[in-house]
Amino acid sequence: MKDDGKSPMIVLGVGGAPHGLKGELRIKTFTDDPLAIGSYGPLTGSDGKTYRLLTVRAAKTVVIARLDGVNGREQAETLNGVEFSVSREALSAAGLGEEEFFHADLIGLSAVDDRGGRYGRVSAIHDFGGGDMLELAAGGGKSVMIPFSKAAVPIIDPGAGTIVIDPAAAGLADDEGDDQ
């Protein structure tokens, strides 16, 4: 259940391996504050079930959560790969800052430069530990990664369906004599 940017649900995290024998689960979160995943109320799993997080604690690059009704390691194992979502309304109630966006709202936006050059569409957002990266899918199955920074992406306009990029700051500027 990947969010297409139009879905009323926003994915907050994905289940990983169980933690211990009592049914705790590692969850990779997509929230700015990893512990915030426990503050939005019941979550909807990509398996169609509703989950209430009883406890959430930080652990390196994930959180460890105890879910209501998950009482053993075997039950927790069935949640590996399950995406946990919440309604857009629940997140909107928390409010977004002026320069904050749901990742789901960026997927599908056209990447253009200030001269009208086209670089593809945002197909994914990745975090490899050094900051968010936007994956731009161009024609012919080719894709490129650019940093998701103010320098590389100075303008984000979901209403217009575009992000404006600075090709040099994004690492996409052609070298002299290079045909791209």
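Is A59 buried, partly exposed or exposed? A59 is partly exposed, its relative accessible area being 25%, where buried means under 20% relative accessible area, exposed over 50% and partly exposed in between (1.4 Å probe, protein chains only). The structure is a predicted model, in which local features need pLDDT of at least 70 and side-chain atom pairs count only at pLDDT 80 or more, while totals for chains, interfaces and linings use all residues. Residues are numbered from 1 along each chain as its sequence is written, and side-chain values use heavy atoms, with hydrogens and water left out.

A59 belongs to strand β5; strands (E, at least two residues) and helices (H or I, at least four) are DSSP runs numbered from the N terminus. Along the chain A59 and P34 are 25 residues apart, and their C-alpha atoms are separated by 9.8 Å. The loop between β5 and β6 contains K60. This residue has a positive phi of about 55 degrees although it is not a glycine. Most residues other than glycine have a negative phi. K60 is exposed, with a relative accessible area of 88%.

An open sheet is formed by 7 strands in the order β4-β3-β7-β1-β2-β6-β5, with antiparallel pairing. Two strands are taken to pair if DSSP finds at least two bridges between them. Strands of a sheet pair through backbone hydrogen bonds, either parallel or antiparallel. Within this sheet, β3 (residues 43–45) and β7 (residues 83–87) run antiparallel and are joined by 2 bridges. In this pair, T44 is placed opposite S85 of β7.

The largest nonpolar core comprises 20 residues, and those with the most contacts inside it are I27, I37, L43, L53, L67, L79 and F84. Such a core is a set of buried Ala, Val, Leu, Ile, Met, Phe, Trp, Tyr and Cys residues joined through side-chain atoms within 4.5 Å. Two or more residues are given to this core by each of β1 (9–19), β2 (24–29), β6 (62–67) and β7. The largest share, 3 residues, is that of β6. With neighbours within four places in sequence set aside, L43 is in contact (heavy atoms within 4.5 Å) with L12, I37, K49, T50, Y51, L53, F84, S85 and V86. Another core, of 15 residues, lies apart from the one described; L106, I146, A152 and L172 are among its members.

T29, located in strand β2, counts as buried at 15% relative accessibility. Beyond its neighbours within four places in sequence, T29 contacts L12, G13, P34, I37 and V63.

A124 stands opposite E135 of β10. These two strands form a hairpin with 4 residues between them, and G129 in the turn has a positive phi of about 105 degrees. Strand β10 is also joined to β11 (residues 143–147), by 5 bridges and in antiparallel fashion. Here L136 faces V144 in β11 as its opposite residue. The hairpin of β10 and β11 has 5 residues between the strands, and G140 takes a positive phi near 80 degrees in it.
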